[in-house]
Amino acid sequence: MQYNQPFDQASNPNASYVNGNPSSGIQGSIIPAGAIEYPQRELISLIQAGGLTPNNNDLAQVAKAIQSGKLNFASTAGGVVNAYTASVNPAPTAYSSGLIVNVWFNTPNTGPSTLNLNGLGAKGIYNSDGSDLVANDLVNEVVLIYFSSAFFIVNRTVATETSRGILQLATATETAAGTNTSKPASVARMAAAVQSGSWTVANTAGPANTYTASLVPAPAAYTWGMIVSLWFGTANTGASTLSLNGLPAIPVLGGDGQPVVANDLSGNVTLVCAGTAFLLLSTRPAKETNRGVVQLADAATVIAGTDFTKPVSVARVAAAVQSGNWNYAPDIGVVNGLWVNLTPAPNAYYAGLSVTVKVANTNTGAATVNVNGLGAKSIVHKDGTPLQPRELQAGQIAFLTYDGTNFQFDVSYGRLLNIQVFTSSGTYVPTPGMAFCRPRLVGGGAAGAGGNIPASGQVTLGAPGTAASYAEGKFTAAQVGSSQVVTIGAAGAKALGAPGGNGGATSLGSLITAPGGFGGQQLVNQVAPTINGNGNVSTAPTGANVVGFSGGGGVSAFAVSTAVGVGGVGGNGPFGTGGAGVGTNANGADASGYGAGGGGVCVNIGVGGPTAGGSGSPGYMIIEEYSL
């Protein structure tokens, strides 16, 4: 708003108003409309900006609007952390020194920051002494004043030992160092520093009897009552002195004021300063609240573990630990609910508490343990999963360790739960608690070939049967599911004067298969010497993710002459032996065990009829089951 001069003084923008006086012939000033309207509108705008409604019944509204503080309150700061925006109403047209704004910061700053007020441009925010902001200087209500080219926090002087103001607390590192004179520390930081002993603990240096040490922070002088805890890596051999942080060396005396003797200063020693000497703290009967002389606990006291007044020798501790008595107890609970009473009794569960327990009952599912009535806690695997049935066996020694929430069952992964053997087809149903299984299987062995009567001066040879393929795999409980069909491969059948039959495949569902062997073939009317072997090997197994291989063909049948020859030896397998070689004009030998090939034959004209090769042996499967 500008000054509106009298209407009749248009040429003089600063003309004063004149009161009229008819008696003196003085004409009064003519008042323009703007002189009345503009002041009213200015005042109404001020009243409304203060959040009030203009009212002729209240003639103190201008004062109340100013008193409300809304003219300079910027409400909640926007923008992003450290680059804030805010607005006041009415909006200033430019920054000017002396501008004061109250800003509410919902999101604290993390370092140096700026403020852009009503879009006039970002300006730096500083402490009243001009220093940069640090984290959390802008939080909740903050009063700022603009000066020159930046905002400053009103009345926020940084505190010193000679002036009041704001401050930042010392960090853990600064508190432990104890050298910063501008930052106070919280009670927790001071407590931690005192507990750590960093202010009063040091290692000694120098030769025996003339020791030096340095504390952090360094004391300026020896003072009565100063207590230090020092490590003497080199034991004294007699009277000794100590210098702290370059201060003069002063004697170290016993609690009785006499010079120390050999080995008084060894390992960790606590000294108190008596002005001109350091004294060893005097000895007295030891308690948990003070140092002093003691009597060691005997073996029975150590095993009981209930005496709080007697320390124990290393040998006694070793014997007690080796005995396991402190952490061992038999289970006196029920199925799936173990109960043990340790001696001495722990007063609470704490992470790391180990319990060795002789289990009384085999579990049937998830289980708990209650130690000395402190409450039942779940027993879980190392991955947090509950126990499966039969993982705790009656009579078993189980190791349990509390992790702060549950007791972890300390057992090696892969404990053998059960072995299932199949010599005939059926169904494999996993044992409860099975985490993974290891099937080992072989198909059916093939039969050797038989022989017919050869022509005069010739021989007939029957080749042996091959062994079946072998397969070995590892499968999880999820892969196996609730059950799998077991198929045991049949043995290759023998026949008079005919080739040997093939062996059947052995399989565990579709997870793993071991094919059977190939039957021997005939070599008819041959002139000796001659040989007939089974040149085949059984088909390679499938699903054998551990090991698998094909079965071999054994030893060939051969004839040296029409009178001398041997039938072939059947192929051997991991679980069986091939049929042995036989002389001329004899039936081939059957395979033994599982998965082996039958023997072959050698026939000459002296035989009265055809011969048969040996039978193969049937397939086989063994499944080993393991827990986690």
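These legends walk through several close-up views of one predicted model. In this predicted model, local features need pLDDT of at least 70 and side-chain atom pairs count only at pLDDT 80 or more, while totals for chains, interfaces and linings use all residues. Residues are numbered from 1 along each chain as its sequence is written, and side-chain values use heavy atoms, with hydrogens and water left out.

**View 1. Helix H1 covers residues 33-49.** Helices here are DSSP runs of H or I with at least four residues, strands are DSSP runs of E with at least two, and both are numbered from the N terminus. H1 has 17 residues and reaches 24 Å from its first C-alpha to its last, close to the 24 Å expected at 1.5 Å a residue. That expected span is 1.5 Å times one less than the number of residues. Which residues of H1 are buried? Gly34, Ile47 and Ala49 are buried in this helix, where buried means under 20% relative accessible area, exposed means over 50%, and partly exposed lies in between (1.4 Å probe, protein chains only). After H1 comes Gly51, with a positive phi near 85°.

**View 2. Arg41 and Glu37 form a salt bridge.** A salt bridge is a side-chain nitrogen of Lys or Arg within 4 Å of a carboxyl oxygen of Asp or Glu. In this pair, the N to O distance is 2.7 Å. The two residues are about one helical turn from each other, because they are four residues apart in helix H1. An α-helix has 3.6 residues a turn, so residues three or four places apart point the same way. Arg41 counts as exposed at 52% relative accessibility, whereas Glu37 counts as partly exposed at 33%.

**View 3. Glu472 and Arg438 are joined by a salt bridge.** Their closest N and O atoms are 2.5 Å apart. Since Glu472 lies in strand E27 (residues 470-472) and Arg438 in strand E25 (residues 436-442), the pair ties together parts that are 34 residues apart in sequence. Glu472 is buried, with a relative accessible area of 7%, while Arg438 is partly exposed at 28% relative accessibility.

**View 4. Asp590 and Lys494 link two loops through a salt bridge.** The closest N and O atoms of this pair are 3.4 Å apart. Asp590 lies in the loop between strand E37 (576-577) and strand E38 (592-593), and Lys494 in the loop between strand E29 (484-487) and strand E30 (506-508), so the pair ties together parts that are 96 residues apart in sequence. Asp590 is partly exposed at 43% relative accessibility, and Lys494 is partly exposed with a relative accessible area of 41%. How many salt bridges does a search of the whole structure find? The search finds six.

**View 5. Seven strands form an open sheet with mixed pairing.** Their order is E16-E18-E21-E22-E20-E19-E17, and two strands pair if DSSP finds at least two bridges between them. Strand E16 (328-330) and strand E17 (337-340) stand at the edges with a single partner strand each, so one side of each has no neighbour in the sheet. From one strand to the next, the twist averages 30°; the angles run from 0 to 180 degrees between N-to-C directions of axes, which are lines fitted to C-alpha atoms (for helices, over the stretch in contact). Within the sheet, strand E21 (residues 397-402) and strand E22 (residues 407-409) pair in the antiparallel sense over three bridges. Tyr402 stands opposite Phe407 in E22.

**View 6. Three strands form an open antiparallel sheet in the order E32-E26-E39.** The edge strands, each pairing on one side only, are strand E32 (522-526) and strand E39 (601-603). Here the twist averages 10° from one strand to the next. Strand E26 (residues 459-462) pairs with E39 over three bridges, and Thr460 has Val603 in E39 as its bridge partner.

**View 7. Strands E12 and E13 form a hairpin.** Strand E12 (residues 240-244) and strand E13 (residues 250-253) run antiparallel and are joined by three bridges, with Ser240 opposite Val252 in E13. Five residues lie between the two strands, and Asn245 in the turn has a positive phi of about 50°. E13 also pairs with strand E15 (residues 278-280) in the parallel sense over two bridges, where Phe278 is the bridge partner of Val252.
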